[in-house]
Amino acid sequence: MKTLVLSLFSILIFTASVNAQAKKGISMTFANEHLDIGKVKKGEKKKFDYVFTNTGTETLTIAIVSGCDCTTLDWPRTPIKPGEKGTINVIFDSTEKEESETVDVDIYLKNLDPKSGEQYFKIVDYKFVLVH
């Protein structure tokens, strides 16, 4: 009997934990929203990724991901279901850069924000130190 009660209690705690992690509606949780790609020589290209998990209860569909002219982006074109991971691939080209800076990457979903009725929008960024 003790084992049964303990097992049921464990299941209840696990279920509560899983439900607490998922946010109702739209939610993207990134492994890191602010990346530091370090020192970059002028003219050098750096490749890196933003990895995220759909921690909401709605399937996410990315409409477009944009950045400055120095940034080439590739993102999932298929819907990302709750609990699934996605990756945004980035190639940064420092050829036209004159100084160190932080670059925003804008993520627009096809999903609408229920509070505003507008497209859901998320900003992540990366920074670099330009070395001449």
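## N111 and the strands around it

N111 is found in strand β7. Strands here are DSSP runs of E with at least two residues, numbered from the N terminus. This is a predicted model, where local features need pLDDT of at least 70, side-chain atom pairs count only at pLDDT 80 or more, and totals for chains, interfaces and linings use all residues. Residues are numbered from 1 along each chain as its sequence is written, and side-chain values use heavy atoms, with hydrogens and water left out.

Is N111 buried or exposed? N111 counts as buried because its relative accessibility is 10%; buried means under 20% relative accessible area, exposed over 50% and partly exposed in between, with a 1.4 Å probe and protein chains only.

So who does N111 touch? Leaving aside neighbours within four places in sequence, N111 is in contact with I26, E58, T59, L60, T61, E118, Q119 and Y120, contact being heavy atoms within 4.5 Å. Take E58: 53 residues separate it from N111 along the chain, yet their C-alpha atoms are 8.7 Å apart. The side chain of N111 also reaches two backbone atoms, the oxygen of T59 at 2.8 Å and the nitrogen of T61 at 3.0 Å. Those are polar contacts, meaning pairs of N or O atoms within 3.5 Å; within protein, one must be able to donate a hydrogen and the other to accept it, and residues adjacent in sequence count only if both atoms are side-chain atoms.

Now for the strand itself. β7 covers residues 101-112 and pairs with β4 (residues 62-66), and nine bridges join β7 to β8 (residues 119-131). Two strands pair if DSSP finds at least two bridges between them. The hairpin of β7 and β8 has six residues between the strands, and G117 there takes a positive phi near 80°.

Elsewhere, an open sheet of four strands runs in the order β1-β3-β6-β5, with antiparallel pairing. Its edge strands are β1 and β5 (71-74), each pairing on one side only. The twist averages 30° from one strand to the next, with axes taken as lines fitted to C-alpha atoms and angles running from 0 to 180 degrees between N-to-C directions.

| Strands | Bridges | Bridge partners |
|---|---|---|
| β4 and β7 | four | V65 and I107 |
| β7 and β8 | nine | D104 and D125 |
| β3 and β6 | nine | K45 and D93 |
| β5 and β6 | four | D74 and N89 |
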